[in-house]
Amino acid sequence: MDWSRAQFAMTSMYHWLFVPLTLGLGVIMSIMETLYVRTGKEEWKKAAQFWMTLFGVNFAIGVATGIILEFEFGTNWSNYSWFVGDIFGAPLAIEAILAFFMEATFISIMFFGWNKVSKKFHLAATWLTITGATISALWILVANAWMQYPVGMEFNPDTVRNEMIDFWSILGSPVALNKFFHTVLAGWVLSGLFVTGVSAWYLLKKRDVDFALRSMKVGAIFGLVSTILVAVTGDGSAYNVTQHQPMKLAAMEGLYQGKSSAGLIAFGVLNPEKKTYNDSIDPFLFKVEIPHMLSMLGYRDINAFVPGIDNLIEGGYQTKDGIALSFTEKQTRGKAAIKSLGDYQKAVAAKDTTAAKVHKAALKENYAQFGYGYIDKAKEMIPHVPTVFYSFHVMVLLGMYFILLFAILFFFSNNGKIEKTKWLLWISLWSIPLGYIAGELGWAVAEVGRQPWAIQDVLPLNAAISNISTYSVKITFFLFLILFSALLVAEIRIMLKQIKKGPAES
């Protein structure tokens, strides 16, 4: 299980090095081509074509890693695929049929149709290409959000599968919608950093100055708007996590003992001596806290009680649905649900309809805690707190830095002084990697924070894994690691080569 988790995490992290730049750079090049069509200025066409070249390199490698990622659901997580394939497979199938074919159709026109179709038709193809890529992201993120907040399903004890009963509740889930906007906008932020950073390099080299100034202004405006919107959707993400994944929230804030009017940790250092829950060790060496803010963000109530890790394990606190169950109570109900499923199958095999009806009712009564029956110890319920805590807080600090950076870049590029501020150009250039770091940290919070669940509260990882040898997973792990690393090196070399050539030669 650990090696399969590592393989999936590694594949996801490499994939996310390519996807966000695709999502944002596609919009930027579309904006530039729109300006070309509206103004007729060849400078905008040249800019659009340059960024389109870099988009194409990045897009191709992103597709390759994404395909392998989807196959891993069948190879490494086949029990998961069996248990919820009827639901999880639907958005992935729609993504392939609708979005992927849409991208494939129009990307050829976008790259090779400059002198073969009209300006407006080519512009439409460019916008439809990035629209297809964004729709593709929508369906992937709908599937991921469903894993975080499973809705619109019903368990069928005859097939031992969860079946979709409400497609629109899955698509319209508040977790899905917020995750889509937050993730796509994060890609836009990265693209804003990439465009302004590359433009800064040209200005430092005093090359293609007109192109660099145009790109810098578009990138700064695009990045500033994106970072502000990311902050708004980040607030929505925090609210959804509080409502549906309280253990993840507790890990994000290093909160062990719940409290009313809980404060938000602005900055803090965790105590490495804190190894488990329900002890007397202070979880922090020191912290800076914003009073009442966690209760406000999580419950829209400044006085609300926010449960900590200890409370979530022990239960007994008041929720909107009643008194919270302890882990032990959930585990007992989960095991009762698993037993009822086995008894139901035996009754069906024996054609005892009366007993089958009784066991089916008992299964339905306890199914909400079904997954807890596969978890042995309470400590398994706690994600790795340092990973989640530091990932979340570094991500937030980087987001605040990006807002400040884009605002300054916009100010200087708008008043024509950007070329004279070498210090700012260097900062812009070296900020590009920070965008990638922020994106990876965001996914670490989302995925590590929901452990041990493959599907929140329904299926833990130890029940989702395939029956394959550790040796097989180790071999493929290192094969993929070598392959993805080679692809990443190749992409960086090709993109650097294109950047050094400049917009004229591209």
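Ser215 is buried, at a relative accessible area of 0%, where buried stands for under 20%, exposed for over 50% and partly exposed for what lies in between (1.4 Å probe, protein chains only). This is a predicted model, in which local features need pLDDT of at least 70, side-chain atom pairs count only at pLDDT 80 or more, and totals for chains, interfaces and linings use all residues. Residues are numbered from 1 along each chain as its sequence is written, and side-chain values use heavy atoms, with hydrogens and water left out.

**Ser215 and its surroundings**

- Ser215 is placed in helix α7, residues 209-244; helices (H or I, at least four residues) and strands (E, at least two) are DSSP runs numbered from the N terminus.
- Its side chain makes a polar contact with the side chain of Trp51 at 3.1 Å.
- A polar contact is a pair of N or O atoms within 3.5 Å; within protein, one must be able to donate a hydrogen and the other to accept it, and residues adjacent in sequence count only if both atoms are side-chain atoms.
- Apart from neighbours within four places in sequence, Ser215 is in contact with Met32, Ala47, Trp51, Val195 and Ser199, contact being heavy atoms within 4.5 Å.

**Other helix residues**

- Ser4 belongs to helix α1 and is buried, with a relative accessible area of 3%.
- With neighbours within four places in sequence set aside, the contacts of Ser4 are Asn76, Trp77, Ile465 and Val473.
- Ala137, in helix α4 (residues 119-148), is buried at a relative accessible area of 13%.
- Between Ala137 and Val184 there are 7.6 Å from C-alpha to C-alpha, while the two are 47 residues apart in sequence.
- Val184 is also among the contacts of Ala137 beyond four places in sequence, together with Leu23 and Phe180.
- Ile437 sits in helix α15, residues 432-448, and is partly exposed, with a relative accessible area of 41%.
- A separation of 28 Å lies between the C-alpha atoms of Ile437 and Phe88, which are 349 residues apart along the chain.

**Aromatic rings and charges**

- The model has 37 aromatic pairs; rings of Phe, Tyr and Trp (its six-membered ring) pair if their centres lie within 6.5 Å, and planes under 30 degrees apart count as stacked, over 60 as edge-to-face and the rest as tilted.
- One of these pairs is Trp3 with Phe477, edge-to-face at 5.3 Å centre to centre and 80° between the planes.
- This pair links distant parts of the chain, 474 residues apart: Trp3 is in helix α1 (residues 2-39) and Phe477 in helix α17 (residues 470-501).
- Trp3 is partly exposed at 29% relative accessibility, whereas Phe477 is buried at 13%.
- Phe477 also pairs edge-to-face with Phe478, at 5.1 Å between centres and 85° between planes.
- Phe478 is partly exposed, with 42% relative accessibility.
- A single aromatic cluster is formed by Phe50, Trp51, Phe194, Trp201, Tyr202 and Phe211.
- Arg214 lies over the face of Trp44, 5.0 Å from the ring centre, and Lys274 lies over the face of Tyr256, 4.4 Å from the ring centre.
- A charge sits over a ring if NZ of Lys or CZ of Arg is within 6 Å of the ring centre and within 35 degrees of the ring normal.

**Cavity**

- There is 1 cavity of 30 Å³ or more, and the largest cavity holds about 50 Å³ of space.
- A cavity is a set of points on a 1 Å grid over the protein atoms alone where a 1.4 Å probe fits but cannot get out, and lining residues have an atom within 4 Å of a point.
- Grid points are joined across faces, edges and corners, and the volume is the space filled by probe spheres set on the points.
- The lining of the largest cavity consists of Trp16, Leu17, Pro20, Ala186, Gly187, Leu190, Gly435, Tyr436, Gly439 and Glu440.
- Elements giving two or more residues to this lining are α1, α6 (174-205) and α15, and α15 gives the most, with 4 residues.

**Backbone in the loops**

- Most residues other than glycine have a negative phi, and most peptide bonds are trans.
- The peptide bond from Gln451 to Pro452 is cis, with omega near 10°, and Pro452 lies in the loop between α15 and β9 (453-455).
- Val160 has a positive phi, near 55°, and lies in the loop between β1 (153-156) and β2 (161-164).
- Ser261 has a positive phi near 50° and is placed in the loop between β3 (259-260) and β4 (264-270).
- Val160 is partly exposed at 22% relative accessibility, and Ser261 is partly exposed with a relative accessible area of 22%.

Technical notes: On a 1 Å grid over the protein atoms alone, a cavity is a set of points where a 1.4 Å probe fits but cannot get out, and a pocket is an open set with protein on both sides within 12 Å along at least five of seven lines; lining residues have an atom within 4 Å of a point.
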